[in-house]
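Thanks for coming. I will go through one structure today, a part at a time. Please have the sequence and the model open.

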Amino acid sequence: MVTHSLGFPRMGLGRELKTALEAFFNGRLDGPGLETTAAALRLRHWTLQRDAGLDLVPVGDFSLYDHLLDAALLFGVVPERHGTTDGPVDLAAYFRLARGGRDARGAEVTALEMTKWFDTNYHYLVPEFAAGQTFRLAPERLLGQVREAVTAGFAPKVVLPGPLTFLTLGKAPDGVDRLTLLPGLLDAYAALLALLARECTWIELDEPILVQDLPRDVAQAFPDTYRKLVAAAAPAKVMLATYFGSIAHNLDCVAGLPLAALHVDLARAPEQLALVAKALAPETALSLGLVDGRNIWRVDAAAALARIDLAARHLGPDRLLLAPSCSLLHCPIDLAAETDLDPELRSWMAFAAQKCREVRLLADAAAPGGPDRPDVAEALAANRRAWESRRQSPRTQVAAVRARLSAITPAMFNRARPYPERARRQQAVLNLPPIPTTTIGSFPQTPEIRSARRRFKSGALSPDAYDAFLKTTLADAIARQEALGLDVLVHGEPERNDMVEYFGERLDGFCFTQNGWVQSYGSRCVKPPVLYGDVSRPGPMTVDMAVSAASLTEKPMKGMLTGPATILGWSFVRDDQPREVSRRQIALAIRDEVADLEAAGLRVIQIDEPALREGLPLRRKDWDLALALAVDDFRLATAVAKPETQIHTHMCYAEFNDIVPAIAAMDADVISIEASRSRMELLTAFADFAYPNEIGPGLYDIHSPRIPSVEEMETLLLRAAVVIPAERLWANPDCGLKTRTWPEVTAALTNMVEAARRVRR
């Protein structure tokens with residue numbers, strides 16, 4: 001059986017790409033230097049995958065920022081405001097599309113919108129199609145990478161977004177049907193595949209939209225689309241790849257197509273195997289995605305081998321390929337670097353490098369005589385021991401936590417008073433002006449903050465010295481906010497490495513890695529905690545810092561927490577019980593923290609839930625139950641607050657238009673939400689629904705270095721005031737400010753505060 005992967009992490013074990021990108025952004029590294037780092041990482045990662053036993057290595061999965069942005073430039077999809085091009089764009093233009101900035105004429109241009117890649121925490125840049133869009137092929141970068149791989153002795157498999165997913169995930173002006181652009185896009189794809197066929201033998205086209213509910217015209221476009229592309233790619237072999245769920249409901253889209261292979265995700269949806277196998281054309285092989293590319297647990301080799309056996313009985317072993325379920329982009333690189341992990345917990349895990357080896361192990365074990373090979377037998381025995389250890393470990397279940405879940409009552413999900421009464425009481429306590437100004441929570445993580453945290457963790461800085469540093473940093477952040485004239489202040493989170501990891505470190509049931517970084521967007525990486533057992537809170541997590549900050553100002557201070565859906569969604573979560581059980585355990589822990597913050601005198605508490613939308617099932621039929629459970633967990637975490645305490649939540653970088661009723665059901669007093677990249681498009685849904693509580697639409701994009709003017713933010717705020725009554729409107733950035741510098745933050749917030757003052761007048 002041929003073994004392959006659908007993609008590999010880009011950043012490097014030491015986050016070398018992050019370092020190079022940020023050096024490039026800051027002018028410390030030139031373009032050739034950045035390209036040299038990128039080429040070295042590609043070579044290293046291809047070598048790692050081949051040495052792990054994969055037959056085909058992916059090419060085209062590597063990106064300097066985002067693979068959908070790369071696809072847009074590959075086909076000449078550049079918004080008019082960024083200019084047009086008949087060939088490859090330079091790096092400056094590339095990063096302006098990603099981050100915004102000034103073009104060659106000195107004009108300010110905004111970046112592409114950013115949103116979440118299906119139900120993952122990876123952000124992609126949304127392609128923007130124009131009316132009458134033409135497509136101009138610019139294949140030089142991709143062809144160059146294919147030639148790199150071939151020259152270095154690898155067998156490459158080119159990986160590209162499929163045309164229907166590319167169109168569906170993009171956006172177009174109102175009234176433009178993106179599917180009318182398909183004929184021109186297919187011509188460009190066909191020309192590209194013909195070029196690639198001269199360089200490699202396998203081409204993978206990713207169509208993950210097949211796991212979703214498709215509009216009829218999109219579904220009906222699949223057969224003709226892929227017949228054309230398969231013909232254009234000859235003699236290269238075309239693999240259509242799906243992942244993140246089952247395609248059983250969309251089998252008509254792919255049944256009988258003359259593909260060389262169809263890849264399906266059997267980690268997420270093993271039940272689809274028999275149905276998919278029956279739908280294949282006789283010449284089509286089935287690629288089995290048996291190793292979970294989304295999580296860090298070892299494959300259950302016995303279960304995976306049983307599925308290989310089932311597939312072989314349907315198709316014969318010669319028509320099977322093996323791979324991870326999806327791109328390994330969503331996993332850390334190498335477990336070998338985790339020397340400080342608890343040995344038992346470590347034995348349960350597999351990172352990207354180990355997952356490639358698991359694919360090889362399954363292929364070897366499924367081959368005739370494979371289990372009799374000493375190396376294969378020992379590897380299978382080690383896999384069994386790890387799974388038995390995990391299933392039997394007393395560390396995964398805590399009786400007291402489970403008893404508390406059983407004791408939850410219906411009253412624990414409801415605030416003591418309805419919003420209108422709460423709003424009156426809160427205003428009496430807080431005395432805020434119309435259109436209050438605030439920020440989302442974090443302030444710049446300066447080199448000094450990062451250095452102090454590293455020295456504290458290594459023991460080079462004493463606890464007392466670190467505490468003194470944090471208190472000095474708090475005082476500085478509060479003085480800056482008061483000078484800016486903000487109405488509701490935050491402490492800036494200098495003590496927090498990450499909005500999820502920080503809480504995981506203070507909750508039982510989590511463990512942590514040293515180098516388990518995964519890409520969130522661009523150069524931004526996160527290190528998700530690993531949720532392996534039942535979750536509880538040993539003690540207060542944020543109270544000391546919040547109280548210290550509040551003591552330094554007469555203005556309201558927000559306590560800052562991360563919500564249960566986001567802690568769950570942005571962690572590597574145990575897969576031996578329903579995710580909803582773990583989330584409810586987290587909700588109880590956050591409930592305790594809300595009670596302690598309130599008891600300590602905080603009258604504004606924000607519980608961030610940016611993952612609420614992205615974590616929904618990919619099929620709408622499953623949304624109602626999933627939303628009801630997630631909303632209940634938010635309410636369980638917050639309903640302990642008194643009516644006088646103002647509860648905020650924050651959401652960003654996902655499509656929230658279609659879940660506004662569920663957002664309203666959360667019953668937060670104030671929601672702040674990302675809106676600037678879409679120029680307040682999102683607020684139409686809130687207006688149509690008549691959202692009853694307070695809203696702070698984001699007035700500027702914190703992922704871009706550009707500083708919007710007072711007039712620009714005033715225009716956005718006035719646009720918001722058309723649909724949100726002024727007495728329920730707030731002014732704030734799109735998201736937290738930890739990735740920006742203080743000069744950028746000061747300039748942008750100065751303009752934001754002035755914009756709010758003008759709109760008040």
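At what angle do helix 1 and helix 4 pack? Before the answer, a word on where the values come from. This is a predicted model, in which local features need pLDDT of at least 70 and side-chain atom pairs count only at pLDDT 80 or more, while totals for chains, interfaces and linings use all residues. Residues are numbered from 1 along each chain as its sequence is written, and side-chain values use heavy atoms, with hydrogens and water left out.

Now the answer. Helix 1, residues 16-25, and helix 4, residues 91-99, pack at about 100°, and their axes are 12 Å apart. Helices here are DSSP runs of H or I with at least four residues, strands are runs of E with at least two, and both are numbered from the N terminus. The axes are lines fitted to C-alpha atoms, for helices over the stretch in contact, and the angles run from 0 to 180 degrees between N-to-C directions. The two helices are therefore roughly perpendicular to each other. On that scale, under 35 degrees is roughly parallel, over 145 roughly antiparallel, 65 to 115 roughly perpendicular, and the rest oblique.

Which residues meet there? From helix 1 they are Leu-21, Phe-24 and Phe-25, and from helix 4 they are Leu-91, Phe-95 and Arg-99. Contact means heavy atoms within 4.5 Å. By type, the residues of this contact are five nonpolar, no polar and one charged. For that count, Ala, Val, Leu, Ile, Met, Phe, Trp, Tyr, Cys and Pro are nonpolar, Asp, Glu, Lys and Arg are charged, and the others, Gly among them, are polar.

Staying with helix 4, eight of its nine residues are buried. Buried means under 20% relative accessible area, exposed means over 50%, and partly exposed is in between, with a 1.4 Å probe and protein chains only. Among the buried ones are Tyr-94, Arg-96 and Arg-99. After helix 4 comes Gly-100, with a positive phi near 75°.

Next, the cores. A nonpolar core is a set of buried Ala, Val, Leu, Ile, Met, Phe, Trp, Tyr and Cys residues joined through side-chain atoms within 4.5 Å. In soluble globular proteins, nonpolar side chains tend to be buried together. The largest core in this model has 106 residues, and Phe-75, Phe-166, Leu-196 and Leu-288 have the most contacts inside it. Helix 7, residues 182-197, supplies the largest share of this core, nine residues. Apart from it lies another core of 95 residues, which includes Ile-605, Phe-634, Ile-673 and Leu-729.

What does Phe-166 touch, leaving aside neighbours within four places in sequence? Its contacts include Leu-68, Phe-75, Pro-127, Phe-129 and Tyr-189.

Now some single residues. Gln-606 is in strand 19, residues 604-608. Is Gln-606 buried or exposed? Its relative accessibility is 1%, so Gln-606 counts as buried. The side chain of Gln-606 makes a polar contact of 2.6 Å with the side chain of Asp-608. A polar contact is a pair of N or O atoms within 3.5 Å; within protein, one must be able to donate a hydrogen and the other to accept it, and residues adjacent in sequence count only if both atoms are side-chain atoms. Beyond four places in sequence, Gln-606 is in contact with residues including Thr-439, Lys-558, His-648 and His-650.

The loop between helix 26, residues 683-689, and strand 22, residues 694-697, contains Tyr-691. Ala-690 lies in that loop too. Tyr-691 counts as buried at 3% relative accessibility, whereas Ala-690 counts as exposed at 53%. Ala-690 has a positive phi of about 60° although it is not a glycine.

Ile-435 is in the loop between helix 16, residues 419-430, and helix 17, residues 447-458, and is buried at 3% relative accessible area.

One last item is a peptide bond. The bond joining Ala-234 and Pro-235 is cis, with omega about 10°. Pro-235 is in the loop between helix 8, residues 216-233, and strand 9, residues 237-241.

That is where I will stop.
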